[in-house]
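Okay, thanks for coming, everyone. Let me put it up on the screen.

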Amino acid sequence: TIRRDSAELLSDMIRHHRSVLDGSQMSLFKYFADEGFAQAFMLRGEMRFGSLAYYRGIEDGGVRGDPRDGMLQYAPDGGIEITMAADGRKLRGTAFTTAAERMFLYSASNDLSADRAKDFGRFCLEVAEPDAIVRRLKARASATSKLDYDGVHIGAMEYRPLDQIPAADWAFPERVVFIKPPEYADQNETRIVLPLKATAGLCDSHVLVSVGNLEEITQLHILA
């Protein structure tokens, strides 16, 4: 475990931005309010995935919760017109909404930031190889599990205005779950998404998964 002061954190931030420029894999930053949870993630790979319903239900002014999480809304100023494929009828309305369901999320930030620490916790674990975690999750695939580890995917959030045409995104929940309104853009979030299998019944609001020791690809920062 390495603890860094403010000067060293600045050096880390410069190095991180250089990695963006040279095309290498970018680090992710996971913030914890409790150092014990940070240690559990680093030493045992403990990951607490939350359901979309859980995040929609959090009422904290949009810090962690979002009542529209996993929902794609299209609301152009002039309204919308939908042509029914079955009979050609035209329907008009003010907005169209589609929602992803049956997915669990593990969120991290693309930034090492004191402001982010104020909202999410001062113990920040930098993950140098996020894809390594995804590979470990996929390796847990099992016919008996209700979780679709084969379907695990990772991606940066897109912060999309309501008047942007959704194109084919509305039909793909695995795309919708990576779209949020622009007012959340300062979160600069990346997500790991763990779906439920189609045959699985209802599930709890959280799933705890352990992927093993992550010390080789993580580094602890403690932000004042």
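So, the largest nonpolar core here has 29 residues. By nonpolar core I mean a set of buried Ala, Val, Leu, Ile, Met, Phe, Trp, Tyr and Cys residues joined through side-chain atoms within 4.5 Å. The residues with the most contacts inside this core are Phe41, Met47, Phe49, Ile133, Leu137 and Ile192. Which elements each supply at least two residues of this core? They are α2 (35–44), β2 (46–51), β7, β8 (123–127), α5 (130–138), β12 (189–195), β13 (206–210) and β14 (218–222). Of these, α5 gives the most, with four residues. Apart from this core lies another one, of 10 residues, including Met103, Met157, Val177 and Val193. As a general point, nonpolar side chains in soluble globular proteins tend to be buried together.

Quick word on where this comes from. It's a predicted model: local features need pLDDT of at least 70, side-chain atom pairs count only at pLDDT 80 or more, and totals for chains, interfaces and linings use all residues. Residues are numbered from 1 along each chain as its sequence is written, and side-chain values use heavy atoms, with hydrogens and water left out.

Now the overall numbers. The protein chain has six helices and 14 strands; those are DSSP runs, numbered from the N terminus, with helices being H or I of at least four residues and strands E of at least two. Buried residues make up 44% of the 224 residues. Buried means under 20% relative accessible area, exposed means over 50%, and partly exposed is in between, using a 1.4 Å probe and protein chains only. For contacts, meaning heavy atoms within 4.5 Å, take the ones between residues at least 6 apart in sequence: 76% of those join residues at least 24 apart.

Let's look at α2. Its buried residues are Ala38, Gln39, Ala40, Phe41 and Met42, and they pack against β1, β2, β7, β8, α5 and β14. Zoom in on Phe41: not counting residues up to four places away in sequence, Phe41 touches Phe32, Glu46, Met47, Tyr106, Leu125, Val127, Ile133 and Leu214. At the start of α2, a side-chain oxygen of Asp34 reaches to within 2.6 Å of the backbone nitrogen of Gly36. Just after the helix, Gly45 takes a positive phi of about 70°.

On to the strands. I'm calling two strands paired if DSSP finds at least two bridges between them. β2 runs antiparallel to β13, with five bridges, and also antiparallel to β7, with two. On the β13 side, Phe49 has Val207 as its bridge partner; on the β7 side, Ser51 stands opposite Phe104.

What about β1 (residues 28–32)? Five of its five residues are buried. Leu28, Lys30 and Phe32 are on one side, Phe29 and Tyr31 on the other, and both faces are covered. β1 and β8 run antiparallel, joined by five bridges, with Leu28 opposite Val127.

Okay, rings. How many aromatic pairs does a search of the whole structure find? Three. Rings of Phe, Tyr and Trp (its six-membered ring) pair if their centres lie within 6.5 Å; planes under 30 degrees apart are stacked, over 60 edge-to-face, and the rest tilted. Phe49 and Tyr106 make a tilted pair, 5.5 Å centre to centre with 50° between the planes. That pair links distant parts of the chain, β2 and β7, with the two residues 57 apart.

Last stop, Ser109, in strand β7 (residues 103–109). Is Ser109 buried or exposed? Ser109 counts as buried because its relative accessible area is 3%. The Ser109 side chain reaches the backbone nitrogen of Asp111 at 2.9 Å. Leaving aside neighbours within four places in sequence, Ser109 is in contact with Leu28, Phe29, Tyr31, Arg116, Gln187 and Asn188.

Methods:
Polar contact = N/O pair within 3.5 Å; in protein donor to acceptor, adjacent residues only side chain to side chain.
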